[in-house]
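Please read the following account alongside the sequence and the coordinates. It moves from the overall fold to one helix, then to the loop after it and a group of rings.

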Amino acid sequence: MPIDASGRVPPRMRPDPARSWFNRAPARDQVRQVLDELAVVCAAAGTSLRHVCKVQAFLSDLEHLPEFLDCWRDAFPERPPALAVMRMGGAPALLAPHAIVMAGAIAWVPATNSDHD
């Protein structure tokens, strides 16, 4: 989830209807955060995003799917993993107020570090 150490979505990544004219992209920011954290978890496990096999993404609303897919293509420019995206019907369903995205992933960890990026 796109949360900080306190378990909350940082204010800079929250949707703000009162400031929508700034064309902020909280969905894009949250998806990037989730993918960046996934890269950190992969590295700690001795693998990389290149070895992610499957991702299940949960969006508060499918209106955020275009931003999600833009970030997805950036993170996985070649051979993207299997992807399932589900609409959860609002941010409260995602366990953290203001959350737009939540994801789970499965990655392969090579037997040696020779395949590690």
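How many helices and strands does the protein chain have? This is a predicted model, and its chain has 2 helices and 3 strands. In sequence order these elements follow the pattern α-β-α-β-β. Of the 117 residues in the chain, 32% are buried.

Helix α1 has 20 residues. From its first C-alpha to its last it reaches 29 Å, close to the 28 Å expected at 1.5 Å a residue. Its buried residues are Pro26, Ala27, Gln30, Val31, Gln33, Val34, Leu35, Leu38 and Cys42. Which elements cover them? The cover includes strand β1, helix α2 and strand β3.

Ala45 also belongs to α1. Ala45 counts as partly exposed because its relative accessible area is 43%, which lies between the limits of 20% and 50%. The C-alpha of Ala45 is 7.1 Å from that of Val109, although the two residues are 64 apart along the chain. After α1 comes Gly46, which has a positive phi, near 90°.

Thr47 lies in the loop that runs between α1 (26-45) and β1 (52-59). Is Thr47 buried or exposed? Its relative accessible area is 2%, so Thr47 is buried, the cut-off being under 20%. A polar atom of the Thr47 side chain lies 2.7 Å from the backbone oxygen of Trp108.

The remaining feature concerns aromatic rings. The count of aromatic pairs comes to 2. In one of them, Phe68 and Trp72 are stacked, with 5.9 Å from centre to centre and 20° between the planes. Why are these two residues separated by about one helical turn? Phe68 and Trp72 are 4 residues apart in helix α2, and therefore about one turn of the helix separates them. Both Phe68 and Trp72 are buried.

Trp72 also pairs with Phe76: the ring centres are 4.6 Å apart and the planes stand at 50°, so this pair is tilted. Phe76 is buried, as is Trp72. Phe68, Trp72 and Phe76 form one aromatic cluster.

Definitions and conventions:
Residues numbered from 1 in each chain as written. Predicted model: local features only at pLDDT ≥ 70, side-chain atom pairs only at ≥ 80, totals over all residues. Heavy atoms only, no water. Buried < 20%, exposed > 50% of the residue type's maximum accessible area, 1.4 Å probe, protein only. Polar contact = N/O pair within 3.5 Å; in protein donor to acceptor, adjacent residues only side chain to side chain. Expected span 1.5 Å × (residues − 1). Contact = heavy atoms within 4.5 Å. Phe/Tyr/Trp six-rings, centres within 6.5 Å; stacked < 30°, edge-to-face > 60°.
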